Amino acid sequence: MKVINKLILGAGLLFFMLTSCSNDDFKYESSTVKSLDFQLNGEPWNLNVGISTRPLFVYKDNGNYVANYSSLYRFSLDDGKYKFVATDYPEQMILSPTNLNDLIVTQPALANQHVNLSDAMPYASPFEEALTLNIITRTGILRLKSVDITADKSYSTIKTTVSIKRSGYKVADGTYVKEDMFVTRSKATANGGINYTDDFILFQTGEESNNVRVKIECLDQNMQVVKTKQLEGTFAIEANKVTSADFLLNEM
């Protein structure tokens with residue numbers, strides 16, 4: 001009987017110890033993220049209620065992808081260190097779950113989409129302090145405009161090629177991929193180049209060595225080159241601003 005009592009007592013003590021350890025292990029297993037402030041270029045930004053867009057991407061401290069969340073609701077994460085990235089264009093900016101260290105947002109081939117991304121912000125449990133995620137526009141607009149008053153009906157299409165020095169943006173460290181690249185677009189003209197205008201959305205250039213160059217080719221109905229114009233100089237692109245380039249297209 002004494003042996004049985006000792007076994008029961010030992011089993012009870014063991015159960016208590018295991019339960020205590022279990023409670024200690026899992027008591028702080030996860031924490032709720034509840035205090036995030038979103039900005040767009042320094043101004044308060046929020047999703048409208050009812051919109052399904054999920055602008056927040058969460059990664060482990062080592063870069064491994066965790067999940068994509070809405071900014072409208074609280075959520076919990078396992079205790080640990082993370083990096084948060086926000087964008088108001090999630091479907092266009094981050095196309096698939098990728099390690100943060102490998103995530104590069106490329107220059108849109110059609111130069112028709114802004115790149116808006118926050119820095120990769122570190123955030124650790126228990127997430128008690130508020131975290132501000134400022135979504136920053138990393139691109140600017142190059143606005144081309146002819147100021148001709150005399151038409152040239154020898155061509156019907158204007159083909160513009162912009163030479164750029166930055167082909168992508170590295171989200172993990174906020175740097176740019178330096179690589180020569182061409183962005184090309186063709187536009188029909190029925191009035192011989194008068195009132196031609198076109199906008200190209202490009203990465204900000206930063207240093208003068210990254211400035212862009214512009215070449216324009218005028219094509220006839222058979223898509224043969226009638227004449228070519230290289231715009232003088234280079235053009236700096238500033239984030240969230242417009243760089244205007246006015247020129248005479250029909251005076252070569």
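Let's start with a pair of side chains: Lys159 and Glu217 meet in a salt bridge, with 4.0 Å from N to O. Here a salt bridge is a side-chain nitrogen of Lys or Arg within 4 Å of a carboxyl oxygen of Asp or Glu. Lys159 belongs to strand β13 (residues 157-170) and Glu217 to strand β16 (residues 213-219), so the pair ties together parts that lie 58 residues apart in sequence. Lys159 is partly exposed, at a relative accessible area of 28%, whereas Glu217 is buried, at 14%. For these words, buried means under 20% relative accessible area, exposed over 50%, and partly exposed in between, with a 1.4 Å probe and protein chains only.

Before going on, please keep in mind that this is a predicted model, in which local features need pLDDT of at least 70 and side-chain atom pairs count only at pLDDT 80 or more, while totals for chains, interfaces and linings use all residues. Residues are numbered from 1 along each chain as its sequence is written, and side-chain values use heavy atoms, with hydrogens and water left out.

## Other salt bridges

The structure holds eight salt bridges. One of them joins the side chains of Lys165 and Asp180, at 3.1 Å from N to O. This pair links distant parts of the chain, with Lys165 in strand β13 and Asp180 in strand β14 (residues 175-188), 15 residues apart. Lys165 counts as partly exposed at 34% relative accessibility, and Asp180 as exposed at 55%.

Another salt bridge is formed by Lys241 with Glu238, whose closest N and O atoms are 3.6 Å apart. Lys241 is partly exposed, with a relative accessible area of 47%, and Glu238 is also partly exposed, at 45%.

## Two open sheets

Strands (E, at least two residues) and helices (H or I, at least four) are DSSP runs numbered from the N terminus, and two strands pair if DSSP finds at least two bridges between them. Strand β4 (residues 56-60) pairs with β5 in the antiparallel sense over four bridges; the bridge partner of Val58 is Ala67 in β5.

A second open sheet of four strands runs β3-β2-β11-β9, and its pairing is mixed. At its edges, β3 (43-44) and β9 (116-117) each pair on one side only. Strand β2 (residues 36-40) meets β3 in the antiparallel sense over two bridges, and Gln39 stands opposite Pro44 in β3.

## The largest pocket

The largest pocket holds about 220 Å³ of space. Of the 13 residues lining this pocket, those closest to its centre are Gln92, Met93, Leu95, Val105 and Thr106. A pocket is an open set of points on a 1 Å grid over the protein atoms alone, where a 1.4 Å probe fits, with protein on both sides within 12 Å along at least five of seven lines; lining residues have an atom within 4 Å of a point. The volume is the space filled by probe spheres set on the points, which are joined across faces, edges and corners.

The most comes from β8, with three residues. By class, the lining has eight nonpolar, five polar and no charged residues. In this scheme Ala, Val, Leu, Ile, Met, Phe, Trp, Tyr, Cys and Pro count as nonpolar, Asp, Glu, Lys and Arg as charged, and the others, Gly among them, as polar.
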